[in-house]
Structures are given as C-alpha cells and as structure tokens.
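Dear colleague,

Please find the structure below, passed on to you for your files. I would be grateful if you could look through it alongside the notes that come after it.

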Amino acid sequence: MSLLAIGIALAKAVIVFVCLLLCVAYSTWLERKVLGHMQVRCGPLRVGWYGLLQPIADGIKLFFKEDIVVSGANKFLYILSPMIVMIAACASIAVVPFGDYIDVFGQKIYLRVADVDIGVLYIFALSSLSVYGITLAGWSSNSKYALLGGLRASAQMISYELATGLSIIGVLMHAGSLRPTDIVAGQDIWYIVKQPIGFLIFVICAFAECNRSPFDLPEAENELVPGFHVEYSSMKFALFFMAEYAHMIVVSALAATLFLGGWRGPVLPGIVWFMLKVFAMMFFFIWIRATYPRFRYDQLMKFGWKVLFPVALLNIVVTGIGMVIWG
Amino acid sequence: MEQQLFWLWGGIAVISAVMMILKRNPVHSALCLVVVFVSLALLYVLLGAEFLAAVQVIVYAGAIMVLFLFVIMLLNLETEVRSQGLSRVAFKACSLAGTGLLLLLLLGGGAVKALRAMAPEQVSGVPGNTQAVAELLFTKYLLPFEVTSILLLAAIVGALVLAGKRD
C-alpha cells in the first residue's frame, strides 16, 4: 500500500468519524425540536439561532460536571462499559457506503471507509458486542435499578437480534452478497418494494435494538429511574447518550443501504440522497417516539418471539419460493 | 506485519484464556472468554477468513452473553468470590499443564508451517470466502451440515422439555 493510499484511508476514517459525531450532536437537537413541535412546544430556542448551538452548550456542560464513580462499583468494568458501547456504535459506520466516488486531483476516492466482503455481518457482530457494554454498565454500578435495566436491555437485544438478522436475509437473497456496495448496486428497484415485510420487521427490530420508544424498557424512567446508566455522570453518561444516537444513525444508514437504495437517486449527488434517506429514517424514529406509549415487558418478549420471529422466518420461505418461480 | 499481528492476537488469546481459568469472579471469567473469542476472530481475519471471523463474534458473543446472564441471575456472587489464592496443588498442576502445552506448541510449529504453505491456495479459487464456505457446506459437507442442524434442533427440543417439566 502506497503512502498516498494510507493517507486517503486515514483521512476518510477521520472525516467520517467527525461527521458522525456532528450528526450525533445535531440529532439530539433534531429530536428535541421535532418532539417539541409535535407536542405543541417550541423546543430549544435560547442558545443560538433556533437553538442551533444547544448541543454544543450541552456538551460543554457535561464536560464540566463532576465525574462520579459510585462506591462499591466494579471500577474497571464501570469505566470500560460506556467505551464499549460508544466504540461499537461508531465503528459500525465504517462499512456503510455514502456514495459512489468523487474525483479529487485525478484520484478516484470511493465514499466509504472500508468495502468489506461481509459488511452486513460486521455491523451485526459489532452490535452483538455492544450489548455487553449495556449489561456490564448495569451490573458493575452496584445498583438495583441499574442491574434491572441492564438485564432487561440484554434480554431484549438478544431476542430482537435474531429477528433483525432474519429480516434482512430476504434482501441478501435478492442481492446475492453480503457486501453493502453490491446490495446498493442491485437496487434498480428499491428492496423495500420487493421486501415490504422484511423492511417492516427490520424497522421494528431496529427500534428495539436501539432501545428506543416504544421499546425503551431498559430506561423506563417511571419504574427504573433511567435504567442501566442511572449511576453514570458527566462524560461517561454522555458517552451512553451519544452512543444511543450514533446507534440510531447507524441503523438508519443500514436501513437506507439495505432497503431504500443507498446513495442511488436521480439528479442530486449520491451523498445528498444518502443523507436525505438517513434523516428521513431518523425523523421516523422521533415521530414514533412522540406517538406510541411504551410496551409492557411481557408484551415485548411475546411480540418478539411469537410474532416477529415466525413472520421473519415465513418471509424467507416466501422470498425463496418467489425467487424460484419468477427467477 | 502479519507475523507481529499474529503474535499480538495469539498472545492476547492465550493470556485471556489463562485469566479465564484463574479469575475468581465468574463475571470476569465470562468476559475473558469474550476476549478469547474476539482475538480468535481477529486471527481468522489475518488468515483471510472474514466470514468465519464475523460469525465467530456473532455466535459466540451472543452465546457468552447468555452465560453471563446466567451467572448474574443464578449464582450468588458473594459466595463464589473466594478470597484465598491458588492452592499449592492447583499451582503445580497448572505449571505441569503449562509445560506440556509449551512442548506441544514447539512440536506443533512444524505442522503449522506445513499448513500455512497450503492454506491460501485452497481459498483463492473462489471469488469471496462467504461463497467458498457456502459452496463447501452445501455440496461436499452437506450431510454433516444437516446432521448438525438436526442435532441442534434436538437439543432445543430437549431444553424445552426439561424447562417445561418444572411447572
């Protein structure tokens, strides 16, 4: 690998990471603004024009909060777990293709950090590691509420991970590849048209995987205070918070890549289309949060195992039969 | 570069495997097991078997998560964590086993060299290693593959029967 290639790869990684963090910061703003308007409030207004500097103010505030390690906590794991969650969420974005390529001084630069043969599986592997962060956070902070939140989170994520995995198999069958760029290339017609049920299951499971409402039981504030991160303060709390939004962005990007045609679209450049699709998904996430009440725990488990799981399996069978009949 | 990475991850795998056995706290042991499996996955990446690596993390990380939950929910941790160190006998046994392992490694070095010489050719014939694995599983090793799946199904049914008997 030449020095130039290494430089380009490094630059891409840094730029994507910084952009992801910016998107995370501004999706907190978006969430507060959209939720505000949906509940007939204004949302943040004071800091900057339309509250646009609010995420930065929040960040500075969190930096200067007192950093607490609870007595009786398992210190090593207590500090490690927010890192695990954040790293897993950020590293997943590496395999998502943002666009085709751009020409910079005659160099073709492909708009993705890494084009991996098993891209989709890579994201799933990282998300199965991020469960550890949440469970360990709950366990290590030596608090009953946190432990309950952590246990709930892990049970929920383990159950819904299966249905997520099964829901995208239909897409993989159509594309014939696990490589995200191949999947995007195969979408002359968006896969949401060919796989509407797969998309539905994927989106529902995505809500559960991100611990978003109506599946936000791990942090049900009425029963558990805020669940697994109740004992965290300052930047450690902020890492969990940022990881939640980063996870949302990754899942939205994955949905856009797998079902909504990725960067492809007419007239506008690819990256614009991609961002539009991602933020449409993010808006949908927030919209759902403003609309639906939280599930009860047994309902959540029953729904996952007795509805989503069999339907996802059936979807695979039907897709297979369809592919045999119609080529 | 590949050599150094191999020694790094191999070393981490071996050290955390030993730590898994030596740790008193079952939660720490479970975590060390995760580290072992992740570093094994990284070794697979070095060998160019990315599919295996990803599956390794997905399957084992998920499986150990369940183990981990069992530890938290079923064991009373306070009684499990004993304060005394390794007993003499255990220490002797460990050092014996360690020496044996080291000898085995040295002897195995030759075999590894032979294996390394032959590995890349076998993979390079097919476009990607997902396809390679799939092709082998569904043609040459179809019968063992199906038998394994039936075995797993039997295990699931058995677990359900055992769990259902209580009430």
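Predicted model: local features only at pLDDT ≥ 70, side-chain atom pairs only at ≥ 80, totals over all residues.

Residues are numbered from 1 along each chain as its sequence is written, chains are lettered from A and ligands numbered from 1 in the order in which they are written, and side-chain values use heavy atoms, with hydrogens and water left out.

Chain B holds seven helices and zero strands (DSSP runs numbered from the N terminus, helices being H or I of at least four residues and strands E of at least two). Of its 167 residues, 22% are buried, that is, under 20% relative accessible area with a 1.4 Å probe and protein chains only.

Within chain B, helix α1 (residues 2–22) and helix α2 (residues 26–46) pack at an angle of about 160°, their axes 8 Å apart. Axes are lines fitted to C-alpha atoms, for helices over the stretch in contact, and angles run from 0 to 180 degrees between N-to-C directions. α1(B) and α2(B) are therefore roughly antiparallel (angles over 145 degrees). Residues of α1(B) in the contact (heavy atoms within 4.5 Å) include B:Trp9 and B:Met20, and those of α2(B) include B:Cys32 and B:Leu46. By class, this contact has 15 nonpolar, four polar and one charged residues; Ala, Val, Leu, Ile, Met, Phe, Trp, Tyr, Cys and Pro count as nonpolar, Asp, Glu, Lys and Arg as charged, and the others, Gly among them, as polar.

α2(B) also meets chain A: its axis and that of helix α4 (residues 119–140) of chain A come within 13 Å and cross at roughly 165°. The two helices, α4(A) and α2(B), are therefore roughly antiparallel as well. A:Leu129, A:Tyr132, A:Leu136 and A:Trp139 make the contact with B:Val27, B:Leu31, B:Val34 and B:Val38.

Yours sincerely

Technical notes: Parallel < 35°, antiparallel > 145°, perpendicular 65-115°, else oblique. Buried < 20%, exposed > 50% of the residue type's maximum accessible area, 1.4 Å probe, protein only.
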